[in-house]
Amino acid sequence: MIHTGERYINPLTDFGFKRIFGIPFNKDLLMSFLNALFNGDPVVSDITYKNSEKFGTNEEARRAVFDVYCTTDTGARIIVEMQNVYQDFYKDRSIYYSTFPIAEQAQRGNWNYELHDVYTIGILNFTFPEDKHSDSNIFREVKLMDTDSHEIFYDKLTYIYVELANFHKTLEECDSLLEKWIYCLRNLQNLMSRPLALQGRVFEKLFKTAEIAKMTTEDRRAYELSANAYRDIKNGMDAAKREGMDKGIAIGTEKGIAIGTEKGIAIGTEKGARAKALEVARKMKARGLEDGMISEMTGLSAEVIKKL
């Protein structure tokens, strides 16, 4: 159920993210966010949405379903993915996803293999394991690099990751358009009106698009289902962390505080997180969510979900 007093949708839900960035009517919102993220290189002056469901080269090949997939007026391909839960092979997944817009550029006949730029953007509601002891890493831009010269070897394949969990600025502290966008992604559902600091046509449209009262009955129901799924997985992961900490401390105490605590927390958190993910997945499946969405939101494999 939509919480009483909640005026705007949560952009971190599947429905909310796609409503804001994933429909042609709101392409100016996506372009604003992309230009803020790219900081002028490249400049996105127009985009065309493409089919977000991609299939492999044969019927047995695994498919990929993107949150947002578009091309720019210069031919660049851009994938934008919202990910709420860390997966062990998330980096592998983002690399795998980037192969689809590369492969689709192949041309029949005499082709010289020239490719357009491909960008894979991950909006992450978590931090990478290597960043768990630091809250300073918010942006990661990854390209193919020559390990000897430390220079970019190939500049047409780019991965950009935005770790929302490491962003702690207040709106008054946001100096750039990108920081204001990230603030909205993290806080929109908690606001009751558009702040004075978020002026301009783009943010005016963002708040109108996100207003729950202006949605159709069908959209409200779809958002409610998506919001419930988001709360289930978030509550489950938060509980798993707490349980993991408790179990980890107990294990660490038995084996020695100096060494055992860190290892124990890791063991307890991992086991607790999986148990909670399974519990949440069962609830989501009972509510009729598709296996693919459940897999993306819980981090569990499709094979595990099918057996539930």
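1. The contact of helix H2 with helix H4 brings Leu29, Ser32, Phe33, Ala36 and Leu37 of H2 against Leu177, Leu178, Trp181 and Leu185 of H4, where contact means heavy atoms within 4.5 Å. By class, the residues of this contact are eight nonpolar, one polar and no charged; Ala, Val, Leu, Ile, Met, Phe, Trp, Tyr, Cys and Pro count as nonpolar, Asp, Glu, Lys and Arg as charged, and the others, Gly among them, as polar.

2. On the basis of these values: the model is a predicted one, in which local features need pLDDT of at least 70 and side-chain atom pairs count only at pLDDT 80 or more, while totals for chains, interfaces and linings use all residues. Residues are numbered from 1 along each chain as its sequence is written, and side-chain values use heavy atoms, with hydrogens and water left out.

3. On the geometry of the pair, H2 and H4 (residues 177–187) pack at an angle of about 125°, and their axes are 8 Å apart; axes are lines fitted to C-alpha atoms, for helices over the stretch in contact, and angles run from 0 to 180 degrees between N-to-C directions. H2 is therefore oblique to H4, given that angles under 35 degrees count as roughly parallel, over 145 as roughly antiparallel, 65 to 115 as roughly perpendicular and the rest as oblique. The crossing of H2 past H4 is left-handed, that is, the near helix is turned anticlockwise from the far one by less than a right angle.

4. Helix H5 (residues 201–210) also packs with H2, at an angle of about 125° and with the axes 10 Å apart, so H2 is oblique to H5. H2 passes H5 in a left-handed crossing, and the contact is made by Asp28, Leu29 and Ser32 of H2 with Arg201, Val202, Lys205, Leu206 and Thr209 of H5. The classes in this contact are three nonpolar, two polar and three charged residues.

5. For H4 and H5, the axes come within 12 Å and cross at roughly 10°, so H4 is roughly parallel to H5. Leu177, Lys180, Trp181 and Cys184 of H4 meet Val202, Phe203 and Leu206 of H5, a contact with six nonpolar, no polar and one charged residues.

6. Turning to open space, the second largest pocket holds about 390 Å³; on a 1 Å grid over the protein atoms alone, a pocket is an open set of points with protein on both sides within 12 Å along at least five of seven lines, a cavity is a set where a 1.4 Å probe fits but cannot get out, and lining residues have an atom within 4 Å of a point. Of the 21 residues lining this pocket, Phe38, Asp41, Pro42, Tyr119 and Glu141 are the closest to its centre. H2 (27–38), strand S7 (139–145) and strand S8 (152–163) each supply at least two lining residues, and the lining divides into twelve nonpolar, four polar and five charged residues.

Terms used: Points joined across faces, edges and corners; volume = space filled by probe spheres on them. Helix = DSSP H or I, 4+ residues; strand = E, 2+ residues; numbered from the N terminus.
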